[in-house]
Amino acid sequence: NFNSMTETLDIKITKADQTRLTVTDFSQLPFGKVFTDHMFTADYEDGEWKNLQVLPYGPILMSPAISALHYGQAIFEGLKAYRQPDGRISVFRADKNFERFNKSAARMSMPSIPEDIFMQGLATLIQADEKWVPSQEDYALYIRPVMFATDPYLGVKASDTYKFALLTTPTGPYYSNALKVKIETEYTRADDGGVGYAKTAGNYARSLYPFEEAKKEGFDQLIWTDASTHEFIEEAGTANLIFVINGKLVTPSVRSTVLDGVTRDTIIKLAKKAGVEVEERRVSVQEIIAGIKDGSLTEAFAAGTAATVTHIGEIGYQGELYTLTDPATRSISNGIAKKLNDIRYGLTPDEFGWNWVL
Ligand code: COI
């Protein structure tokens, strides 16, 4: 269902000699550690994308001077493919991830990737690794598109050459339990005029130290606040944040410091369809804390492709710990999460046309 699928690109396919499927334990799949037999790669040189190929997954030989390593021109995406009841495979909202990938590329002065290369590369790779798509409940094939600068040059400038790759990894949800999160008011993830809305490596790099500090205090994840006042909630870094306040779905609006999440957008559309009122606006920390105290905030969750819908169980803020409602009782988020999964796994009609069935 993409325009780009009408003309078939020349993609070279080199099959792996052996499959690692037989030595992979599908009951033990930590996020992002087990890769399938193949990957897709393409190279950008002389102003065009070349060498489209599916090849055995494995190391890539590179100069230690490549600019991605030194100056951080690197972007990525995350999307998932799901096993359908009839055994076919469906990729969820690939068009949204494709669009966002090119938005990230533009912000980082990188070339855009044409839709036909992204989509046909994806389809060819998934077909080669078709047996790797899990069929257990809550499991999927996580797809990681990535692009990075490959000029072996230490001058600070946008690279002239790049590599694009698609990696695939069978996986369950990123988080296994309700989260204990800390509202971060010292460090920041993103600032106005910066790159917060782009899915670029540096956004994740700068989050690691504050995250490690929070882990020492027993937290699973941070809630980032705005860089200038620390009074407004932004996102979680690995996911967007959604709350239920007075029966309405409330989520920080996307802006230059917040990633425009595909799962966030999907949940908003599903909630509206189900008749739940949705507010996308600035959300203050005070409103969240007051809502927990007076009981008007009944649900809170992280929403992302990797994270899926993960309940927030406890929130730490300025040395106090606030315990939220029992996740089992959260009818709005549990209802939307179920609907979302039913669509992804082909258990209910896909009214929005989100599934690309291969
Ligand atoms: C995703 O949800 O796909 C992400 O990219 C989050 C990731 C950093 C774990």
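Author: Two strands are said to pair if DSSP finds at least two bridges between them. Helices (H or I, at least four residues) and strands (E, at least two) are DSSP runs, numbered from the N terminus. This is a predicted model, in which local features need pLDDT of at least 70 and side-chain atom pairs count only at pLDDT 80 or more, while totals for chains, interfaces and linings use all residues. Residues are numbered from 1 along each chain as its sequence is written.

Reader: What makes strand β9 and strand β15 a pair?

Author: Strand β9 (residues 179-183) and strand β15 (residues 308-317) are joined by four bridges, and the definition asks for at least two, so they pair. The two run parallel. Within this pairing, K182 stands opposite G316 of β15.

Reader: What joins β15 to β16, and what is particular about Q318?

Author: β15 and strand β16 (residues 320-323) pair antiparallel over four bridges. G316 has L321 in β16 as its bridge partner. The two strands form a hairpin with two residues between them, and Q318 in that turn has a positive phi of about 45 degrees.

Reader: Why is A94 called buried?

Author: A residue is buried if 20 or more other C-beta atoms lie within 10 Å of its own, exposed if 12 or fewer, and partly exposed in between, with C-beta atoms placed from the backbone. A94 has 26 other C-beta atoms within 10 Å, and is therefore buried. A94 belongs to helix α2 (residues 94-107).

Reader: Which residues does A94 contact, leaving aside neighbours within four places in sequence?

Author: Contact means that the C-beta atoms of two residues, placed from the backbone, lie within 7 Å. On that basis A94 is in contact with L79, M119, L122 and W356. A94 and W354 are 260 residues apart in sequence, with 8.3 Å from C-alpha to C-alpha.

Reader: Why is K199 called buried?

Author: K199 has 24 other C-beta atoms within 10 Å, so the term buried applies. K199 lies in the loop between β9 and α4 (201-216). Not counting residues up to four places away in sequence, K199 touches I75, F76, E77, R100, S104 and L259.

Reader: What does UniProt list for K199?

Author: An unreviewed UniProt entry lists K199 as "modified residue: N6-(pyridoxal phosphate)lysine". UniProt positions are given in the numbering used here, feature names are shortened, and annotations may be inferred rather than shown by experiment.
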